[in-house]
Every structure is written in structure tokens, then in C-alpha cells.
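Hi,

Here is the structure I promised to pass on.

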Amino acid sequence: YQRRVRGLLCLLLAALIVFSNALLMVALWRQRSRKLNTHTLVFWLALNDMLVGIFVIPSILPSLFSKRTFEMPQVFCSISGIVTSITVTMSVLIVMCLTVDRFIAVRCPVRYPRICSRNRVHLVTALVWTEAILFSVVPMLPQFGGYRFNPITCTCNKKIGRNKRSPFSVSYYILCVVLPLITVITAGSAIVIILMRKPKLSAQLQRIRAACVTTLMIVGAYFACVMPYTIAFIVWNKRHKNSQDLMFESWPLYCLIITFCNSLLNPIIYLSRSGRMRKEVKAVMRQTSSILTNMSSKKSKEGEAIHSISPPL
């Protein structure tokens, strides 16, 4: 019973994540003429969160619904493991880019358009994706540690060949975890200090302040959702030598579900803080409902026309 409840909870969470982030991406695409750096970064963050709902959460659903162990195909496990690593890396890197962008905007508002130009933002985004893919695919090669994925848990890594930690994994933790988190904490603290020192701002700086508050809320949601599972992972590794069954225990699994909730909170925060985005979402919903209504009316008319035709003698 508990397995079914947790499985249904994860399934519902995956559906909400895909739906909310798809709405946010469509709304941001409709606002692309404004050419805002924050919109570009949030668009890639929404794409990253949507991958969590499409690939990461469904990979653990079979083991949650049943007590039996299912051996997944190695190709599926490899794709799921690579996408999981990419989403984890991309989330912290994009949050870092958002925080640094808002710090430059509030610290140097006059020089901000020159420092953070559109071309530079696209270049940084391309570098972030390249780094995430590189550090997710290369460790699977035998000469860099030889990671394979357990076909039962499908998301836990199993190292082959070497017993020692490879230099590539050490560089991953430094470049993709430690330095970005230090940058996020430092830049976020600097943003808070600057906003507290400038209580009276002009109209332009008021918009920058609102964007900074939104970014800080995204950063706070990231730490609030990710830290419980991180602590559970550290505590579990200290108590147990084998960490493959970590996600299927009761309390670490709930911590993992809280981590998945971060992919749902990001679009909710951004849509609740932006009136333009809410209007775009409402417009998208109206257009979608009108299209579905027209399709259903056409099908009903076609059915009536077929029934009205008399059978041949």
C-alpha cells in the first residue's frame, strides 16, 4: 500500500512538472521579443526541470509500485542515468548563472547591458550545457572510471575496473558542485546586502529589485529541496557500505521526492512573481481550449454527417 501511494505521488508529481514547465517555456517563447537575459536562463532551467519529469522520475516508478525487482534494459538505464546526471549538473549551474546575472544587474546597473550582452549569455549557456554533458557521458568510459548503471535500481551507479576515485570525478565535484554552490551563496548574500543598503530605488532599479527577489526565491527553493536528500545520502553512506538501496528506504525516498519538488516550484515561483507571464499562460490556455473545442466540434459534426447518410439499397 505504501509503495503504491509513493508511486502514485511520484507519477502525479512528474505530470505536474512536465505540464507546468511546458506552460512556462511556451510563455517565455511568446515573450522572446523582449530579449531579457533572465528569460533565457529561466527557459533553459524549465527545460532542465521538464527532463526530470520525463526521464528521471519514470525510471524509478516500476520499483516503487511493486516489491519485485525489475531488471531494466541497459540502454534505458544508461540514458536515464546520463539524463539524471545532466539535470543535476544543469540545475546548480543555471542557478549560479541566474544569481551572478542578478548580482551584476544590481551592482552595476549602468554597465549591465555591456557586461551581460545577449551573445555572452548564449555563449555561457552553451558552455554550461557542454560541461554538463561532458561530465555526464565521459565517466562511463573505462579509462575515466567506467561507471555502469545497476539494472535493478536503474539510477544508482556501479563502478567497474577501478576502486579508487578517478581524477575526473574529483574535478566534477569541484567544478560542478563546490565552486557553483560557493558562487551562489556569495552572490546571493551580496545581493541581499546591496538591496538592504538601498531601500529607495528608481523605477528601473525597482524592476531589477523584483527580479533579484525572484532569483533569491528560486535559490532558496533549490537549497530547501536539495539539502534534505544530500544530508540523507551522506548519513546513509556513513552507516552503510552499500548505497544502492538508499532511494527505496522510507525516509530517504521522501527526501528524494522533496528534491523532485524543486522542478515544480521553479515555474510556480516565476509565474507567481511575473504578471506578464501569468497573462501569457492564460492566453496559451485559452488558445489550447479553443483548439480542443474546435476539434471536438468537427468530430461531432463528422459523426452526425455519417449517421445522417442513409444506407444504400
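Below is what I found, going from the overall layout to single residues.

First, the ground rules. This is a predicted model, so local features need pLDDT of at least 70 and side-chain atom pairs count only at pLDDT 80 or more, while totals for chains, interfaces and linings use all residues. Residues are numbered from 1 along each chain as its sequence is written, and side-chain values use heavy atoms, with hydrogens and water left out.

**Layout**

The protein has nine helices and two strands, taken as DSSP runs numbered from the N terminus (H or I of at least four residues for helices, E of at least two for strands). Starting at the N terminus, the order is α-α-α-α-α-β-β-α-α-α-α. Of the 313 residues, 43% are buried; here buried means under 20% relative accessible area, exposed over 50%, and partly exposed in between, with a 1.4 Å probe and protein chains only. The accessible surface comes to about 18200 Å², and carbon and sulfur atoms hold 66% of that (Shrake-Rupley method, 1.4 Å probe; for residues, only the protein chains shown count as cover). Among contacts with a separation of 6 or more, 77% join residues 24 or more positions apart, a contact being heavy atoms within 4.5 Å.

**Cores**

In soluble globular proteins, nonpolar side chains tend to be buried together. For this model I looked for nonpolar cores, meaning sets of buried Ala, Val, Leu, Ile, Met, Phe, Trp, Tyr and Cys residues joined through side-chain atoms within 4.5 Å. The largest has 56 residues, and Leu24, Ile57, Met90 and Phe260 have the most contacts inside it. Two or more residues each come from α1, α2 (37-65), α3 (74-107), α5, α7 (203-239), α8 (250-273) and α9. The largest share, 12 residues, is from α2. A second, separate core has 10 residues, including Ala105, Cys116, Ile194 and Leu195.

Methionine 90 is worth a click: beyond its neighbours within four places in sequence, methionine 90 is in contact with Asn48, Val128, Trp129 and Ala132.

**Helix α5**

Helix α5 covers residues 118-137, 20 residues in total, and reaches 29 Å from first C-alpha to last, close to the 28 Å expected at 1.5 Å a residue (1.5 Å times one less than the number of residues). Its buried residues are Val121, Thr125, Val128, Trp129, Ala132, Phe135 and Ser136. They lie on the same side of α5, because they cover an arc of only 145° around the axis, judged by the directions from the helix axis to the C-beta atoms. Asn119, Leu123 and Leu127 are exposed on the other side.

**Salt bridges**

How many salt bridges does a search of the whole structure find? There are two, counting a side-chain nitrogen of Lys or Arg within 4 Å of a carboxyl oxygen of Asp or Glu.

Glutamate 280 is buried at 14% relative accessibility, whereas arginine 30 is partly exposed at 34%. Leaving out residues up to four places away in sequence, glutamate 280 touches Ala27, Arg30 and Gln31.

The other joins arginine 102 and aspartate 101, at 2.9 Å from N to O. Arginine 102 is buried at 6%, and aspartate 101 is buried at 4%.

Cheers
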